Amino acid sequence: MKRSRDIEKRSEINSAIEELSVLVIVKPEEDHEAGARIPTKPFLSLCYMVLQVLDKVGPTMAVLRQDIHQNIKRLEAIHESNPLTNSNLVEIFKSETSKGNGKKRVSGSKSFVWLTRSLDFTSALLQALLVKDPKKNMEQAVQESYDATLKPWHGWIASAAYRVAIKLVPDTKTFMDLLREKDEDCNTLMEKMEILVSLLVPFLEDIHCILVSLILCFLT
C-alpha cells in the first residue's frame, strides 16, 4: 500500500523514470533465447504508468487504454497463478508457444506483444513532441506516432474509430500542463521527458531483440 501511495504523489513522468531506472532485463546470449529475462511485475508497473500518461491525451486513447488495461490484467492473473515460474515474461512466452497457445487472442504472449507496441507508441509520441520538434501540433504528433507503431497491427474497425477520435486530442500546451507537477516549469518537464525517452528507447530495443530471438527459435 505504501508503494501505491508513493506513486500517487509523483508525476507520471517521474514514476515512469523510476520504474525504468530499476527495471533490468537480460538479453539472450548470442543467437539463443537461453537466459533472457524480462521481469513481469516491474514491466506491468511501467505499463500502468503509460496508462496514466495516455489519460492526459483524452478520449482519443480510450480504446487503446482499455486494451492496455485488459492486457495488464491478463498478465497479472497469469503471474499470480504461479508467481515463481511466471516472474519472467520470457518464460510465459516460451511455455505458451511450446503448448501451441501463444497465438490465441487471450494468451499472455499476445498481451505481452501488444503492451510492447503500446510502449512503442508512447515512446514515438514523446519523441515527436520533444526530440524532433517541440512545437509540433499535438494532433500531428499523435497521428504520426499511431501510424508508425499501432496502425500496421490494427484492423479497419480500430483504425476507423481512431480516425474519428483523433479530433478530440488536446493542444500541445494543454497536454504539457496536464503532465507538469505543481509549480513545475515547462523546461523542467521537457528535460524529464527527454530522460524518459533516453531510458525507454534502449529498453524497447532490448525487448524487441528478445522477441525476435524467441520467434526465430520457435520457427526453426
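# Close-up views of a predicted model

**Figure 1. Lining of the largest cavity.** The largest share of this lining comes from α3, which supplies four residues. The model shown here and in the following views is predicted. The count of cavities of 30 Å³ or more comes to one, and the largest cavity holds about 60 Å³ of space. Its lining consists of Ala16, Leu20, Leu46, Met49, Val50, Val53, Leu119, Thr122, Leu196 and Leu200. Two or more of the lining residues are given by each of α2, α3, α6 and α10 (186-219). By class, nine residues of the lining are nonpolar, one is polar and none is charged.

**Figure 2. Packing of helix α2 against helix α3.** Helix α2 spans residues 12-22 and helix α3 spans residues 40-57; the two pack at an angle of about 160 degrees, with 9 Å between their axes. The pair is therefore roughly antiparallel, since angles over 145 degrees are classed in this way. The crossing of α2 and α3 is left-handed. On the α2 side, the contact is made by Glu12, Ser15, Ala16, Glu19 and Leu20. On the α3 side, the residues are Pro42, Ser45, Leu46, Met49, Gln52, Val53 and Lys56. Six residues of this contact are nonpolar, three are polar and three are charged.

**Figure 3. Packing of helix α3 against helix α4.** The axes of α3 and α4 come within 10 Å and cross at roughly 160 degrees. The two helices are therefore roughly antiparallel to each other, and α3 passes α4 in a left-handed crossing. The α3 residues in the contact are Thr40, Lys41, Leu44, Cys47, Tyr48, Val50, Leu51, Leu54 and Asp55. They meet Leu64, Arg65, Ile68, His69, Ile72, Lys73, Leu75, Glu76 and His79 of α4. This contact comprises 10 nonpolar, three polar and five charged residues.

**Figure 4. The largest pocket.** The volume of the largest pocket is about 540 Å³. Among its 24 lining residues, Val63, Asp67, Asn71, Trp114 and His154 are the closest to the pocket centre. At least two residues of the lining come from each of α4 (62-81), α6 (108-132) and α8 (156-165). Helix α4 gives the most, with eight residues. By class, the lining has 14 nonpolar, six polar and four charged residues. Helix α6 contributes to this lining and also to that of the largest cavity.

**Figure 5. Packing of helix α7 against helix α8.** Helix α7 (residues 138-149) packs with α8 at an angle of about 170 degrees, and their axes are 12 Å apart. This angle makes α7 roughly antiparallel to α8. Val142, Gln143 and Tyr146 of α7 meet Ala158, Ser159 and Tyr162 of α8. Four residues of the contact are nonpolar and two are polar, with no charged residues. Helix α8 is also one of the elements that supply at least two residues to the lining of the largest pocket.

Definitions and conventions
Residues numbered from 1 in each chain as written. Predicted model: local features only at pLDDT ≥ 70, side-chain atom pairs only at ≥ 80, totals over all residues. Heavy atoms only, no water. 1 Å grid on protein atoms, 1.4 Å probe; cavity = no way out; pocket = protein on both sides within 12 Å on 5 of 7 lines; lining within 4 Å. Points joined across faces, edges and corners; volume = space filled by probe spheres on them. Nonpolar A, V, L, I, M, F, W, Y, C, P; charged D, E, K, R; others polar. Axes fitted to C-alpha atoms, helices over the stretch in contact; angles between N-to-C directions. Parallel < 35°, antiparallel > 145°, perpendicular 65-115°, else oblique. Left-handed = near helix turned anticlockwise from the far one by under 90°. Contact = heavy atoms within 4.5 Å.
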